[in-house]
Amino acid sequence: MKIIGTGVGLPRLRVTNDMIAKYVDTSDEWVSSRTGIRERRIISDETLIDLGTQAAKEALAKASVDIADIDLLICSNVANSYVTPSLGCIIQGKLGASCPCFDINNACAGFLTAMDIADGYISSGKYKNILIVCAEEPSRIVDWTSREACILFGDAASAAVVTVGEGLQKMRISTKSMPDVLYYKRKLEYNPFVTKNEEGFKPLQMNGREVFKMAVSASVADIKKVVEDTGWKMEDVDMFVLHQANLRIIESIRQHLDLPEEKVPHNVERSGNTSSACIPILLNELLEEGKIKKGDKIVFSAFGAGFSTAAGTYIWE
Ligand code: UT7
């Protein structure tokens, strides 16, 4: 399986740390020094459907693949206003596609999880061209009256067209059930037969320090394992494309693995954490800047709610 086109759909509105400081007790100094984030895009008058459709169209154009030739659409999403049908199903209609489609939710590890699913279908010969769309709107699940989490996230969509090829080497997905460290529990509709206590619905809840520690240790372990399983040495790898949650997390992973700065690119400063959309956005930037070339060995790694992690090795074709 190989990636043949990537695309991005970003909200128009850039929200700086100073703008957030008008709503919660924080400062640009605190946010930029503790997270590296200086601004993020937040949905205002657009919809997540618009952004996902835009990202998908760009990826299809770059891949030179017509929507009619897409065999499957996988959409990665944590939350959006539609519980059903799937977001992928709605984006399918906007694209004029007729292929099957479904959503997955593996939080920030969603893109790599979708890659793994796509690889399974492509390797089996069932499908040839698969469109992955990651569309995330974390700004609508965080608490904008509290400073803990709203400063971290940005909204965005990104997409990739994947097809038959030899790019993907290994992919490893792990889950450790720890819902309490990072969760958002949505209130369901009234049901006259429910007798159990159903209080405690709140915006996104996060134990930041715990997530930080787990992110670093899990990502370091995942990367070591996939690099070893691929038969590579760490120094063979040209680029580490990591989930963009916090610059300090990225730096800590880099230092644990003793990697040179130029091999660990980041854009969290401008995008914040866009959940599963992060990795294809960064990949798209690196490709546009000509920083990835044919034959480059790439490692992907992502982590998030679950606690779920994913990492993969890839040779750019
Ligand atoms: O995809 C995964 C999504 N989640 C994450 O990636 C979260 C990972 N964790 C983190 O990025 C960091 O833990 C945070 C950025 C969330 C917090 O940074 P920290 O260095 O771990 O800070 P802390 O939680 O230890 O808090 C230090 C202080 C506290 O004040 P006191 O108790 O020392 O007086 C907090 O109340 O900073 C305070 N604080 C803030 N101050 C200004 C917490 N959030 C803020 C804020 N602005 N936004």
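**Before you start**

The model is a predicted one, in which local features need pLDDT of at least 70 and side-chain atom pairs count only at pLDDT 80 or more, whereas totals for chains, interfaces and linings use all residues. Residues are numbered from 1 along each chain as its sequence is written, and side-chain values use heavy atoms, with hydrogens and water left out.

**The two domains**

Begin by colouring residues 2-166 as domain 1 and residues 170-315 as domain 2, bounds that come from an automatic or database domain assignment. The centres of domain 1 and domain 2, taken over C-alpha atoms, are separated by 14 Å. Contact here means heavy atoms within 4.5 Å, and 47 residues of domain 1 are in contact with 40 residues of domain 2.

**The five-stranded sheet**

Next select the strands S1, S7, S6, S4 and S5, which in that order form an open sheet of five strands with mixed pairing. Helices (H or I, at least four residues) and strands (E, at least two) are DSSP runs numbered from the N terminus, and two strands pair if DSSP finds at least two bridges between them. At the edges are strand S1 (2-9) and strand S5 (101-104), each of which pairs on one side only. From one strand to the next the twist averages 20°.

Now follow the pairings across this sheet. S1 and S7 run antiparallel and are joined by seven bridges, and the bridge partner of Gly-9 in S7 is Ala-157. Seven bridges also join S6 to strand S7 (residues 156-163), again in the antiparallel sense, with Ala-135 partnered by Ala-157 in S7. Strand S4 (residues 72-76), by contrast, runs parallel to S6, to which five bridges join it; Leu-72 has Ile-130 as its bridge partner in S6.

Which residues of S6 are buried on one side, and which on the other? Ile-130, Ile-132, Cys-134 and Glu-136 lie on one side and Leu-131, Val-133 and Ala-135 on the other, and all are buried, where buried means under 20% relative accessible area, exposed over 50% and partly exposed in between (1.4 Å probe, protein chains only). Since seven of the seven residues of strand S6 (residues 130-136) are buried, this strand is largely enclosed by the rest of the structure.

**The four-stranded sheet**

Move on to the open sheet of four strands, which has the order S8-S13-S12-S11 and mixed pairing. Strand S8 (168-175) and S11 are at its edges with a single partner strand each, so one side of each is left without a neighbour in the sheet. The twist in this sheet averages 10° from one strand to the next. S11 and S12 are paired in the parallel sense over four bridges, and Val-241 has Phe-300 as its bridge partner in S12.

**Helix H10**

Select residues 278-288 next. Nine of the 11 residues of helix H10 are buried, so this helix is largely enclosed by the rest of the structure; among the buried ones are Cys-278, Pro-280, Asn-284 and Glu-285. Gly-290, whose phi is positive, near 70°, follows H10.

**The nonpolar cores**

Finally, show the largest nonpolar core, which has 41 residues, those with the most contacts inside it being Ile-223, Phe-240, Ile-253 and Phe-307. Such a core is a set of buried Ala, Val, Leu, Ile, Met, Phe, Trp, Tyr and Cys residues joined through side-chain atoms within 4.5 Å. Helix H7 (208-230) and helix H8 (247-256) are among the elements that give two or more residues to this core, and H7 gives the most, with eight. Because domain 1 and domain 2 both give residues to this core, it lies between them.

Centre the view on Ile-223, which, leaving aside neighbours within four places in sequence, is in contact with Met-234, Phe-240, Leu-242, Ile-253, Leu-257, Val-299 and Ser-301. A second, separate core of 37 residues can be shown last, and includes Val-8, Ala-114, Ala-118 and Trp-316.

Definitions and conventions: Axes fitted to C-alpha atoms, helices over the stretch in contact; angles between N-to-C directions.
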